[in-house]
Amino acid sequence: MESTTAPTKLAFSAAAQAEIARLLTHYPEDRKKSALLPILHIAQAEFGGWVSPEVQDLVAEVLDIKPIEVYEVSTFYTMFNLKPVGKHVLEICRTGPCMLRGSDELTQHLERITGAKVGGGPSEDGMFTLKEVECLAACGFAPIVQVREKYYEQLDTPENVEAMLNELRNMIHRPLLPWEQTGLKHSQQ
């Protein structure tokens with residue numbers, strides 16, 4: 001039997017729409033495309049941590065640009081996830097200083113204990129996605145992993161790795177998104 005309900009059209013939440021409207025005030029009307037990166041970040045946060053083709057189409061619609069213009073940007077920058085991710089995306093630095101301090105071993109260890117694979121989907125429990133990234137600019141604290149805006153440093157012992165994973169596993173709620181925080185002060189109003 002065919003469904004009689006129309007598919008739900010994707011839409012940003014009211015809070016995200018307000019933040020997008022605020023961002024767009026920073027650009028001339030004929031330069032709205034300049035807001036593409038921050039709006040892609042909002043979209044990724046709003047829609048489960050990744051930007052599906054449908055989400056990218058929504059961003060194109062909001063900015064009144066062609067979808068290919070969004071696809072070009074989202075596929076170029078590694079900060080945008082193009083497939084579903086776990087609750088926590090562990091970005092493992094893979095450049096020289098971190099490698100010298102054990103990032104390869106850290107990656108193997110994280111794959112073993114989380115069940116996630118670098119470049120693959122989320123772990124079976126949906127908690128973790130592993131992603132190798134370029135320099136996180138914290139070479140003196142290598143090896144390092146970034147999860148959202150937080151750095152986890154000196155992950156060269158099993159105890160430090162387990163402490164990081166326990167902290168992440170014990171997070172009950174996802175962190176608030178900047179535009180969801182009440183009383184958030186913007187640098188430019």
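Tutor: In this predicted model, helix 3 passes helix 4 in a right-handed crossing. Two packed helices are described by the angle between their axes and the distance between the axes. Here helix 3 covers residues 53–63 and helix 4 covers residues 67–76. The angle at which they pack is about 120°, and their axes lie 8 Å apart. Helix 3 is therefore oblique to helix 4, because an angle over 145 degrees would count as roughly antiparallel and one of 65 to 115 as roughly perpendicular.

From helix 3, the residues that make the contact are Pro53, Gln56, Asp57, Val59 and Ala60. Helix 4 contributes Pro67, Val70, Tyr71 and Ser74. By type, the residues of this contact are six nonpolar, two polar and one charged.

Now to the single residue. Lys131 sits in strand 2, which runs over residues 128–133. Its relative accessible area is 15%, so Lys131 counts as buried, the cut-off being under 20%. The side chain of Lys131 reaches the backbone oxygen of Thr78 at 2.4 Å. Thr78 is also one of the residues in contact with Lys131 when neighbours within four places in sequence are left aside. Finally, Lys117 is 14 residues from Lys131 along the chain, and the C-alpha atoms of the two are separated by 8.3 Å.

How values were computed:
Residues numbered from 1 in each chain as written. Predicted model: local features only at pLDDT ≥ 70, side-chain atom pairs only at ≥ 80, totals over all residues. Heavy atoms only, no water. Axes fitted to C-alpha atoms, helices over the stretch in contact; angles between N-to-C directions. Helix = DSSP H or I, 4+ residues; strand = E, 2+ residues; numbered from the N terminus. Parallel < 35°, antiparallel > 145°, perpendicular 65-115°, else oblique. Left-handed = near helix turned anticlockwise from the far one by under 90°. Contact = heavy atoms within 4.5 Å. Nonpolar A, V, L, I, M, F, W, Y, C, P; charged D, E, K, R; others polar. Buried < 20%, exposed > 50% of the residue type's maximum accessible area, 1.4 Å probe, protein only. Polar contact = N/O pair within 3.5 Å; in protein donor to acceptor, adjacent residues only side chain to side chain.
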